Amino acid sequence: FGSKEELLFAVLEFSIDRQLEAVTQAMESRHAGATEDRRQDDIADAIVASRAWSNAAPMGWNWAALALELRLSALRNPAIRKRLAEVQRENRDKVARLIEQETRRRGIRLRLSAEDFADITGAALDGLGQLGSIDEEDADRYHALAEKLFVLMAEVVVEPEDEPPGLQSD
């Protein structure tokens, strides 16, 4: 690697791909035993996805320090800033594709675009990871909140079957 940032970009790409693969495999395994109650399935899927995402993170919650280092470098260097923005968009698109795949497979509609869903969830997970890395005494609480975030998002972003499409954004 030519620089510390190049190494961080490689780790970031490896991490997101590994986490997405873990969630995909977890959802495929989980869906094989889905029940008739879709709301319960949504919550159970969210818990399984959260755990797969967290367990597949190569550095666990320690990624926060490296991510912050990369972001600080990007704020100081326009070339790194441009590259990080591109990488973040690519990663958002990867997550959005997984979200779209899951919504199609399950026959559900979202209240917002898959891209917006990915951005909101990603930002919240980044923030919780940073808080958990800084406050080691309360780290377990932040880790639990990350799982609750997946459940909360599953509960609020899926349109009920009897509700017409409404909040979807472009």
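Predicted model: local features only at pLDDT ≥ 70, side-chain atom pairs only at ≥ 80, totals over all residues.
Two packed helices are described by the angle between their axes and the distance between the axes. Helix α3 covers residues 63-76 and helix α4 covers residues 78-106; their axes approach within 6 Å and cross at roughly 130 degrees. The two helices are therefore oblique to each other, and their crossing is left-handed. On the α3 side, the contact is formed by L70, R71, S73, A74, L75 and R76, and on the α4 side by P78, I80, R81, L84 and Q88. Sorted by class, these residues comprise 6 nonpolar, 2 polar and 3 charged.

The second pair consists of helix α5, residues 114-134, and helix α6, residues 139-157, with axes that come within 8 Å and cross at roughly 165 degrees. Because angles over 145 degrees count as roughly antiparallel, α5 is roughly antiparallel to α6. The crossing of α5 and α6 is right-handed. From α5, the residues F117, I120, T121, A124, L125, L128, L131 and G132 meet A139, Y142, L145, A146, L149, F150, M153 and V157 of α6. This contact of α5 with α6 contains 14 nonpolar and 2 polar residues, with no charged residue.

Aromatic rings also deserve attention. A search of the whole structure returns 0 aromatic pairs. Arginine side chains, however, are placed over rings: the charged end of R83 sits over the ring of F9, 4.2 Å from its centre, and R141 lies over the face of Y142, 5.2 Å from the ring centre. Y142 is also one of the α6 residues that meet α5.

Methods
Residues numbered from 1 in each chain as written. Heavy atoms only, no water. Axes fitted to C-alpha atoms, helices over the stretch in contact; angles between N-to-C directions. Helix = DSSP H or I, 4+ residues; strand = E, 2+ residues; numbered from the N terminus. Parallel < 35°, antiparallel > 145°, perpendicular 65-115°, else oblique. Left-handed = near helix turned anticlockwise from the far one by under 90°. Contact = heavy atoms within 4.5 Å. Nonpolar A, V, L, I, M, F, W, Y, C, P; charged D, E, K, R; others polar. Phe/Tyr/Trp six-rings, centres within 6.5 Å; stacked < 30°, edge-to-face > 60°. Lys NZ or Arg CZ within 6 Å of the ring centre and 35° of its normal.
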